[in-house]
Amino acid sequence: MKIQERTGAGAGRSAAPAQPSVGDRLPTPPRERKPALAALAVLLILVGALGATMLVLQAGDRLEVVKVTQAIPAGGSVNTSNTTSVMVAKDDSIHYVEWAQLNELKKLKAVNAIPAGVVAVGEMFGSEAGVAAGKATVGLSLKAGQYPTGIKQGDTVAAYRVSTATGSGNSNSNSSSSASSNSVIADSARVSYVPGPKDSGDEIVGSTNLAVTLTVDSDKAADLAQAASNGEVALVKVPGNSGN
């Protein structure tokens, strides 16, 4: 009887389902690989590296060029007062005027009006001024007292004929002559050129006269030139200037 009981108990244990051991794990499905996304990530990394390299190369290949700081009218010239130097990226398709060429640029004239704030390029200048239709430029040589202090290129001025003749005779006659001679030649002329305070070589050695070039209406040019040759011109600043 005892032997049968042990056999029956053992048979009952063997019929129970076997439990998995602690170290065994359930199988996991394989990961889905996306080669297109991986290739795109690599491509973005390469593009970013290339862009950074180009920026570094451009930053190291720069030029010191001329920048206009004050408006230059047609027929005007640059000087050290209306220009400054700036650094730009080198570009062979743009004809920049290098800062080292400023002295050569002073000898040329603006083909057209040049606004302040632009970088100078070769196409803006030429040996002859591109004076607008109906306008003319007249050169003056003025003594102290014949022009306002601080006159500069781009200013708007009025040109007056001033009489320097003296003599005796009827006071009424002299008064009438003086009134007729002291008249406005050009009421709105533009200063196309005047030497800057830092310029050298623009004035004749031993001369105290100031060389000024005005742009006026063509019908005023002859009278202005005649008065200038006789030293009978005085300039007055009029409304229309940036400081007014």
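Author: Let us begin with a definition: two strands pair if DSSP finds at least two bridges between them. Please keep in mind that this is a predicted model.

Reader: What makes strand S7 and strand S8 a pair?

Author: Strand S7 (residues 183–193) and strand S8 (residues 210–217) are joined over 3 bridges in the antiparallel sense, and since the definition asks for at least two bridges, they count as paired. Within this pairing, Tyr193 stands opposite Thr213 in S8.

Reader: Why are strand S5 and strand S9 said to stand at the edges?

Author: The open sheet has 5 strands in the order S5-S8-S7-S6-S9, with antiparallel pairing. Strand S5 (135–142) and strand S9 (233–237) each have a single partner strand, so one side of each is left without a neighbour in the sheet.

Reader: Why is Asn79 called buried?

Author: Buried means under 20% relative accessible area, and Asn79 has 3%, so the word applies to this residue. Asn79 is found in the loop between strand S1 (62–68) and strand S2 (83–89).

Reader: How do you know that Asn79 and Ser81 make a polar contact?

Author: A polar atom of the side chain of Asn79 lies 2.8 Å from the backbone nitrogen of Ser81, and the cut-off for such a contact is within 3.5 Å.

Reader: Why is Leu43 called partly exposed?

Author: Its relative accessible area is 48%, and partly exposed covers values between the 20% limit for buried and the 50% limit for exposed, so Leu43 belongs there. Leu43 lies in helix H2 (residues 35–60), and together with Leu37, Leu40, Leu44 and Val47 it forms a nonpolar patch on the surface.

Conventions. Residues are numbered from 1 along each chain as its sequence is written. This is a predicted model: local features need pLDDT of at least 70, side-chain atom pairs count only at pLDDT 80 or more; totals for chains, interfaces and linings use all residues. Side-chain values use heavy atoms; hydrogens and water are left out. Patches are made of residues with over 30% relative accessible area and no salt bridge: like charges are joined within 9 Å, nonpolar side chains (Val, Leu, Ile, Met, Phe, Trp, Tyr) within 5 Å. Accessible areas come from the Shrake-Rupley method with a 1.4 Å probe; for residues, only the protein chains shown count as cover. A salt bridge is a side-chain nitrogen of Lys or Arg within 4 Å of a carboxyl oxygen of Asp or Glu. Helices (H or I, at least four residues) and strands (E, at least two) are DSSP runs, numbered from the N terminus. Buried means under 20% relative accessible area, exposed over 50%, partly exposed in between (1.4 Å probe, protein chains only). A polar contact is a pair of N or O atoms within 3.5 Å; within protein, one must be able to donate a hydrogen and the other to accept it, and residues adjacent in sequence count only if both atoms are side-chain atoms.
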